[in-house]
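Let's learn to read a protein model together, one feature at a time. Have a look at it first, then follow the questions.

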Amino acid sequence: MLTDMVSGGENEAALKYLASMGAFMENAMNAMSEVAEPSFRIMMRYDRGILCTSTQNNCSGKERISGTSEGHGFGLKNIRRVAEKYHGSLTAAVRDGDFEADVLLFLEDADNE
């Protein structure tokens, strides 16, 4: 179970990823402050060493997805760095007034590095 891995300190990738999620959620909160009816959804699933996270929040549509540390995107930069270090991926897009992001991490492989 992911919570056992994190609490036991057994997986550096999971710890780094969870720490970077704070900045990611802060970006979502900032984006939702500009819409009339904010909505945020997150789905996390851990199965056989693979962690999948999908998020969706509504936004004004003016946001840019740069992955730089200038304004919005700092959380994405950190998550992308962690995902790439551990052979995973980050995809992010703004579609129809919603920001959507999917992160895939291969945590069992990370333990062997």
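Q: How much accessible surface does the protein chain have, and what share belongs to carbon and sulfur atoms?
A: Accessible areas come from the Shrake-Rupley method with a 1.4 Å probe, and for residues only the protein chains shown count as cover. Here the protein chain has about 6600 Å² of accessible surface, with 51% belonging to carbon and sulfur atoms. Do keep in mind that this is a predicted model, where local features need pLDDT of at least 70, side-chain atom pairs count only at pLDDT 80 or more, and totals for chains, interfaces and linings use all residues. Residues are numbered from 1 along each chain as its sequence is written, and side-chain values use heavy atoms, leaving out hydrogens and water.

Q: Which way do strands β1 and β2 pair, and over how many bridges?
A: Two strands pair if DSSP finds at least two bridges between them. Strand β1 (residues 40-47) runs antiparallel to strand β2 (residues 50-58), with eight bridges. One example is R45, whose bridge partner in β2 is C52. Two residues lie between the strands of this hairpin, where R48 takes a positive phi near 50 degrees.

Q: Is T53 buried or exposed?
A: Buried means under 20% relative accessible area, exposed over 50%, and partly exposed in between (1.4 Å probe, protein chains only). T53, found in strand β2, is buried because its relative accessible area is 2%. Across the protein chain, 38% of the 113 residues count as buried.

Q: What does T53 touch?
A: Contact means heavy atoms within 4.5 Å. Leaving aside residues up to four places away in sequence, T53 touches several residues, including Y17, M21, I42 and V103.

Q: How many disulfides does a search of the whole structure find?
A: A disulfide is a pair of cysteine sulfur atoms within 2.5 Å. The search finds zero.

Terms used
Helix = DSSP H or I, 4+ residues; strand = E, 2+ residues; numbered from the N terminus.
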